[in-house]
Amino acid sequence: MMNSRLPLLSLVALAVLAFAGACGAQETVDAVMGDWQGTWTSDAGAQSPLVAQVFPLGGGKYQANLRKAFDTADAPVAVLHGVVFRGKTLFAGAVAEGPMAGTIWAGTVEGNSLTGGCQGEAKGTFALTKKVRLSPTLGAKPPEGAIVLLDGANMDAWVHPHYVPYIINLRKLLGNENNAVAYLSAAIDAPEARDAVLELGSNDGLKVWLNGEVVLAKNASRGCKPGDDKVNLKLSAGRNELLLKVTQYGGGWSTCARLVSPEGGPVAGLEVEPVANATDPAYEGYLLEWQYSGPYSQAGKDAKALFDVAFPPESGGGEWKNLSKPPLDPGCQWQLVEGGAMEVVAGSGSVVSRHPFQDHKLHVEFRTPYMADARGQGRGNSGVYVQARYEVQVLDSYGLEGLDNECGGIYKIARPLVNMCAPPLQWQTYDITFRAARYDAAGKKTENARITVLHNGVAIHDDLELPDATPGGLSGEMPEPGGLLFQDHGNPVQFRNIWAVEGE
């Protein structure tokens, strides 16, 4: 047990030493993370409010932002870094500028208490306790006449706008693993030797063999666009072996392949094993049934390096499974989880409401996952797209600055007036009032769209003018109504209790 009477500067040195060494991994539910509230007491005995936002940095490390109050855009009084050491979480930090410049801070979390103090230009102590602050609109009931988009019973109100049955979702097959490789194999039987064109798309890198010879090698980070690559093939009479290697950098992981004649039409008479017919008219000649193998990875190597690593399938080995023909209409592929929420299934694609909207008021509840080791756009990323055109960002940016690409931001248009993001795993709310753009009879825009957003009950955008659609939506601006879209960005963000009231 650490001596609680150690001088404050000794505590600082110990915390810094522990921080440099790092300690054990965090649990899924993190007792240190979250809001803390209490008082600061100066050496002269004067007291004033003090709060803290504590969030994990991975590997047992934390950051604590000390502030005078919650829900303001004021700079922190002090920013401390901490680490778990001998059963306690120790924090330390020095302030270089501002009213507290020249002060050295330290603190300790034990149970439900965060206590410590500072030395330097100002001297004193603080004592904080854990505070769970919930949105005042959490659980709000839809009023009479509201359009309920998710009540917890099913996801029938939602569709995948970009679902393409011939795009093979490798994330769904092989799991949410980054920097990995998958292989797909098919045999094409041709009645005679003939020329053909293989049209391909992949997310990300793609290497293709025909009868053991490499016919395409593109090591790239990109989205899966059908026909992005075209390869001229010379099919032999009889059996032709086709092998695809698809690398995954992060985000989506998918591929597609289509055989056409040199003129762009169907290639008659081909048979593809295991079962599928490459010229099935419902699927426009795409290869639909494969064998697949993976995922494959190597410690310390990213997807770019894995592109040239020869895993067992390249020499005829590996364990293989059959992939069946995908359905033409799969329904919503996100999952309905405990509590009636729908959760993003990585790689399944964004979802949009079947019901389109013009002017309306919207209530959405969301929860970001605990991803302590992730950073930036890889940490609890999704988005709420009003009319599927204007995004209010969803991200685990608890305790951060509050930028236009963080939670509540409207990308390249406006940052939130205050960062109201709650800790991950805590349910949050958006209450949005939206006025659609106006157009004249000729289809020319006469007024920009406007939006007001309350995040956890606090206005973060107040009648904000939206000069244009934001990136990542289904379309640019247009007079027609649009649905509510939630983004699949590869993270298991959850949504629940979603309803809207139409009209200004």
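Accessible areas here come from the Shrake-Rupley method with a 1.4 Å probe, and for residues only the protein chains shown count as cover. On that basis the protein chain exposes about 22300 Å², and carbon and sulfur atoms supply 51% of that area.

Now the ground rules. This is a predicted model, in which local features need pLDDT of at least 70 and side-chain atom pairs count only at pLDDT 80 or more, while totals for chains, interfaces and linings use all residues. Residues are numbered from 1 along each chain as its sequence is written, and side-chain values use heavy atoms, with hydrogens and water left out.

How confident is the predictor? pLDDT is its confidence in each residue, from 0 to 100. The mean for the protein chain is 88, and 91% of the residues reach 70 or more. Residues 1–28 have pLDDT below 50; beyond near neighbours in sequence, that stretch has 49 contacts in the model, a contact being heavy atoms within 4.5 Å. Residues 274–279 are also below 50, with 15 such contacts. Where pLDDT is low, the predicted coordinates should not be read in detail.

Next, the overall picture. The C-alpha trace spans about 95 × 60 × 40 Å along its principal axes. There are three helices and 34 strands; these are DSSP runs, numbered from the N terminus, with helices being H or I of at least four residues and strands E of at least two. Of the 504 residues, 49% are buried, meaning under 20% relative accessible area with a 1.4 Å probe, protein chains only. Among contacts between residues at least 6 apart in sequence, 68% join residues at least 24 apart.

Now the sheets. Two strands pair if DSSP finds at least two bridges between them. β11 pairs with β18 (residues 254–260) over two bridges, and Asn 169 has Ser 254 as its bridge partner.

Last, which strand is largely enclosed by the rest of the structure? It is β25 (residues 360–367), because six of its eight residues are buried. Seven bridges join β25 to β28 (residues 428–435), antiparallel, with Val 364 partnered by Tyr 430. β25 also pairs with β34 (residues 494–502), again antiparallel and over seven bridges; there His 363 stands opposite Trp 499.

Note on methods:
Buried < 20%, exposed > 50% of the residue type's maximum accessible area, 1.4 Å probe, protein only. pLDDT = per-residue confidence, 0-100.
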